[in-house]
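Q: I am new to this structure and would like a close look at one part of it, the pairing of aromatic rings. Could you start there and then lead me outwards to the neighbouring topics?

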Amino acid sequence: MSKRLETVATMTCMKTLLMLFNFIFWASGVLMLCIGIWMRIQLRDYMNMSAQGSGAALLAIASLGAVLAVAAVLACCCTARGHPALLYLYGAFLAVVALLELAAGASVYAYRTNLNEGFDQGLNESMAAYGQDQSKSNNIDSMQKTLHCCGNRGYADWLNLDPPKDIPLSCCKVAQDKCDSQDPDEIYTEGCYNRVLDFINSNIGLVAGTAIGVAFFPLVGIFLACCLASNINKAEYEQVA
């Protein structure tokens, strides 16, 4: 009888810990979903200017977060029912999730490299289309105002285009109605290329680091799910014995 009570107490403890894990797992899924969507919105204009920017990696992070949030809710049902087969299945699912999160983090890092390589070409193309393509013009103006920069590598890039273009008022450091955009003292002279890459790398690095860091968390759930399933089987055996 004492062994059975000990097993029941262990099962209760394991169920409580697994429920707590499920809640944290759900919260991590919601966090990944929000970060993926937020970063897709934050980097949208810059990715649109990159010749290789699609945003698929960030959407994959958001989608994985949504799957984790739903799975965590279903996992609570599995834990409450206490069926060993479902718990072992949940443990296997968590192992797959850990691999997917590692892959997602790695894909974001790879995506960052592709984005960096394509941005120089895309920015030059956007500058060449400035004043003709409204969408690209808006992206350029927004970037130069937000990051306090001008041109690709410097403000002179506007003058070196073929044909040359006037430096946009979005390069101005002072109020646009009082700005002479052809006067280097009144405009930002640093190029946008390095500014944008620093902005993209710092933000995407945060997303990738989060995905990789969270990837190790499911290992705790695997341990708890398998231990609970084992204790349930043990309790059933002791009850029969």
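A: Let's begin with Phe217, which is partly exposed, with a relative accessible area of 24%. In these terms, buried means under 20% relative accessible area, exposed means over 50%, and partly exposed is what falls in between (1.4 Å probe, protein chains only). Before going on, please keep in mind that this is a predicted model, in which local features need pLDDT of at least 70 and side-chain atom pairs count only at pLDDT 80 or more, while totals for chains, interfaces and linings use all residues. Residues are numbered from 1 along each chain as its sequence is written, and side-chain values use heavy atoms, with hydrogens and water left out.

A search of the whole structure finds four aromatic pairs. One of them is the stacked pair of Phe21 and Phe217, with 4.8 Å from centre to centre and 25° between the planes. Helices (H or I, at least four residues) and strands (E, at least two) are DSSP runs, numbered from the N terminus. Phe21 is buried, at a relative accessible area of 3%, whereas Phe217 is partly exposed. Ring pairs also bring in Phe25, so that Phe21, Phe25 and Phe217 are linked into a cluster.

Leu17, Leu20, Phe23, Ile24, Trp26 and Val73 make up a nonpolar surface patch, with about 560 Å² of accessible area together. H1 supplies the largest share of this patch, five residues. Patch members have over 30% relative accessible area and no salt bridge, and nonpolar side chains (Val, Leu, Ile, Met, Phe, Trp, Tyr) are joined within 5 Å. Accessible areas come from the Shrake-Rupley method with a 1.4 Å probe. Leu20, in helix H1, is partly exposed at 49% relative accessibility.

The UniProt record, an unreviewed entry, lists residues 20-41, 53-75, 87-111 and 204-229 under "transmembrane region"; such annotations may be inferred rather than shown by experiment. In the model, residues 20-41 are 100% helix and 0% strand, with end C-alpha atoms 32 Å apart. For residues 204-229, the span is 92% helix and 0% strand, and the end C-alpha atoms lie 39 Å apart.

Another ring worth a visit is that of Tyr193, with Arg153 lying over its face at 3.8 Å from the ring centre. A charge sits over a ring if NZ of Lys or CZ of Arg is within 6 Å of the ring centre and within 35 degrees of the ring normal.

Finally, the structure holds one salt bridge, between the side chains of Glu190 and Arg195 (2.8 Å, N to O). The term stands for a side-chain nitrogen of Lys or Arg within 4 Å of a carboxyl oxygen of Asp or Glu. Glu190 is partly exposed at 39% relative accessible area, and Arg195 is partly exposed at 28%.

Key
Phe/Tyr/Trp six-rings, centres within 6.5 Å; stacked < 30°, edge-to-face > 60°. Patch = residues over 30% accessible without salt bridge, like charges linked within 9 Å, V, L, I, M, F, W, Y side chains within 5 Å.
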